[in-house]
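Q: I have just opened this one and would like a walk through it, a piece at a time. Could you take my questions as they come?

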Amino acid sequence: MADFDVVIENGTIVDGTRMPRYRADLGVRSGRISTIGRLSGRNADRRIDATGLVVAPGFVDLHTHYDAQLFWDPTCSISSWHGVTSVVIGNCGFGFAPVKPDQRERAMRTMTRVEAIPYDAMQAGMPWDWVTFPEFLDSIDRRPKAVNMLPYVPVSPLLTWVMGLEAAKTRAPTDGEEREICRLLDEAMDAGGCGWSAQRLDPEGPACVQRDFDGSPMVSDVMRSETCYALAGVLARRNSGFVQMTMVSREPWNDFGEFEKIAEISGRPVLYNVVQPRDDLPDIHRSTVAWLESCRQRGLRVYGQGVTTDTDMTFSLADWNMFDDSPPWCEATTGTPGERLEKLSDPRRRPALREQLPRVTTNAFERIVVTSVERADLKPFEGLTLREVGERVGQHPVDAMLDLAVSDGLRTQFHAPGPNQNADFLKEMLEHEHIIPGVSDGGAHTKFFTGGRYPTDLLARVVRDLGMLSLEEAHWRLSALPAACAGFRERGALREGAPADVVVYDYDQLQLEPVEIAHDLPGGEWRRVQRAKGYRCVLVNGEVTLENDRPTGAASGQLLRHGG
Ligand SMILES: [Zn+2]
C-alpha cells in the first residue's frame, strides 16, 4: 500500500493562517492532509507536480443560493470552477424547506424573481422528495456533490409554514406561532443546520431590490424585529450557529443597531450583508467599515460580507428584476414577457419611470450600454450608451431604452456597469480585516451575473494586479476567516489532520475567461457562466474534483451537518 493517496510536490504553500509562504510537499491520505513537508522519497498513488504553483486551502463561499441547482449540478458551478470547495446554501432567508406539498409551486415561483432562478429549470430539476427541513437535508445527503455544503435554516419558509403565506406577509406572529417558529429552527439545527438567514429589506426603503414574483415584499422583509430576537435566542440557548442577515433600511442607510442586538442576544457570529462600495456614495462603505471596527473594539462578533468583484449585470427586460427598488419599475417589470411588453410601451407609465430611476443596480442609468439587438434595422444602436441612444433619437434615456426594447420584442440585451468601479473605495473596504470577500450569489441571478468568479478575481486582479492585499492575507480571507465565522469545523487552512480541501493554481497565469452563455440547465433553460484559467487542480476531501480548469466528475463533497 502506498504511503499517500496523493502527493502535491514542490508547491508554494500559503496555508490560510497568514503564516508566510514556504515551499513544501503536501501528502493526502484517506481524505485528509496527512503530512506537509519533504516527501520526495515516499510513494504515492498519484503525484501532482506543483513546481512554481501556489498550494492553498480551498475557498469557502458563504453567500450562495445553490438550493435548487445542487439537485441538477453536483459541481455547483460556477463557484467550483473558481476554487471553491465549500459553500453555504440557504442565504437571505430563502429556501425550499419546510414547504408543504401544496406550496411547492408557489415556492418555486417566488425564487424566479427574488433570486431569478429559472422556473422551468426548477420544475424539471428538483426532486421535491422532502417536506420538512430535516428531510431536505437527507435529500441533499443522498445527492452526489463535488463541493461541501453547509446549510442555513432560512427564515421565510419557517414563517410561511407556521402562519401561512398571506398572514406571514401581513401580520405579526402570535406568541404561540413564534414559539412554533423557534421550535422548527431548533429541530432544523438538531438535524444539522448551521444557523439562520434573513433578508430584511425595508419595502419602502431605497434598496428593496429582491422581491416576490408578484412584486410584493418577501416574508422576511416584513418580519418584525421581535421574531429575529426570538430566533437569536434559540442560538444563544444552543450556543451554536451563526446568523446571516441582509438589511438596508430607510434612514440611516444601514440599520446597524439591529445587527448589534442580534449579536448581543445570540452571542454568536453575525454576518452583515452586504458591504458594497458605491462610486456615488462613499459614505456607505466608510460608515459601515467604521461601524464594523467599533463592533470589534466592543467584542461583538459582527463580520462584513464585502462585494469585491464588479457587480455588472447583463439583461433583457423580458426577465430582468433588479430595478425593483423603484416602485414604477418594479410594477412595469413584473408579469410575463407579454405583460411587461404592454406595460413598458404604455406612455402613461413613462413619466414615473423617468422620474424614479432605479439606483441600487446602477449609479448612472444613462451609462447602461446596448450590447445586442435582434432586429436588423436597430443594429446601429449596438455599443451605444443609453445617453448616446437618447441623443441620437432626441429622447430621454428612459424612453430611448424602452422604445428600443419594445420595438425589439424585449430581446435587446443591456449591460449595466456595477456601481462599484472605484478601486480606491475597494481598497478602503479591504483594509478592514473582518471583510469577507464575495459576494457570489452562486446559483442566483444566473442570466444576469457571474459573481461566482470572485475568488479568481480577488487573486488575479485585487492581489496580483492591484497589489491591495498580500497573498497570505487573501487566502486567510478566502478560506480561514469565512470558515471560522460560519462554524466549519477543521476547514479553512492547510493543517496536518484537516480534511484535504486544497487548491493548486498558477498565480502568474491565473485569469478570468470571458462571460459565455451555457444552455446546460434542465427544462431547456440557459444561464451566463464565466470560467477561469490557471487552476491546476482542486481537491475536495482528498479527491481531485477539478483538473486543468475542468471538472473531473468526482463527487467527494459532503453535507456538513453541524459544521463538520
Ligand atoms: Zn442572497
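Q: Which residue stands opposite Ser372 in β16?
A: Opposite Ser372 stands Gln413 in β16. Before going on, please note that this is a predicted model, in which local features need pLDDT of at least 70 and side-chain atom pairs count only at pLDDT 80 or more, while totals for chains, interfaces and linings use all residues. Residues are numbered from 1 along each chain as its sequence is written, and side-chain values use heavy atoms, with hydrogens and water left out.

Q: What do you mean by β16, and how many bridges join β15 to it?
A: Strands (E, at least two residues) and helices (H or I, at least four) are DSSP runs, numbered from the N terminus. Three bridges join β15 to β16, which covers residues 413-416, and the two run antiparallel; two strands pair if DSSP finds at least two bridges between them.

Q: Which sheet do they belong to?
A: They belong to an open sheet of three strands in the order β14-β16-β15, with antiparallel pairing. Its edge strands, each pairing on one side only, are β14 (313-315) and β15 (369-372). From one strand to the next the twist averages 30 degrees, where axes are lines fitted to C-alpha atoms, for helices over the stretch in contact, and angles run from 0 to 180 degrees between N-to-C directions.

Q: Changing topic, what is the pairing in the sheet with β6, β7 and β8?
A: The pairing there is parallel, and the three strands form an open sheet in the order β6-β7-β8. The edges are β6 (59-61) and β8 (148-151), each of which pairs on one side only. Three bridges join β6 to β7, with Val84 in β7 as the bridge partner of Phe59. Four bridges join β7 (residues 84-89) to β8; Val88 stands opposite Leu150, and the bridge partner of Ile89 is Pro151.

Q: And is β7 enclosed or open to the outside?
A: Six of the six residues of β7 are buried, so β7 is largely enclosed by the rest of the structure. Here buried means under 20% relative accessible area, exposed means over 50%, and partly exposed lies in between (1.4 Å probe, protein chains only).

Q: What are the protein donors of the zinc ion?
A: They are His63 (NE2), His65 (NE2) and Cys92 (SG), lying 2.1 to 2.4 Å from the zinc ion. His63 lies in the loop between β6 and β7 and Cys92 in the loop between β7 and α1 (104-114), so the pair ties together parts that are 29 residues apart in sequence. Donors are N, O and S atoms within 2.8 Å of the metal (3.2 Å for Na, K and Ca), and since water is not among the atoms, sites may look incomplete.

Q: Is His63 buried or exposed?
A: His63 counts as buried, at 3% relative accessibility, and Cys92 counts as buried at 3% as well.

Q: One last thing, where is Arg491 found?
A: Arg491 is found in the loop between α17 and β18 (502-505), and it is buried, with a relative accessible area of 11%. Its side chain is joined to that of Asn541 by a polar contact of 2.9 Å, a polar contact being a pair of N or O atoms within 3.5 Å; within protein, one must be able to donate a hydrogen and the other to accept it, and residues adjacent in sequence count only if both atoms are side-chain atoms.
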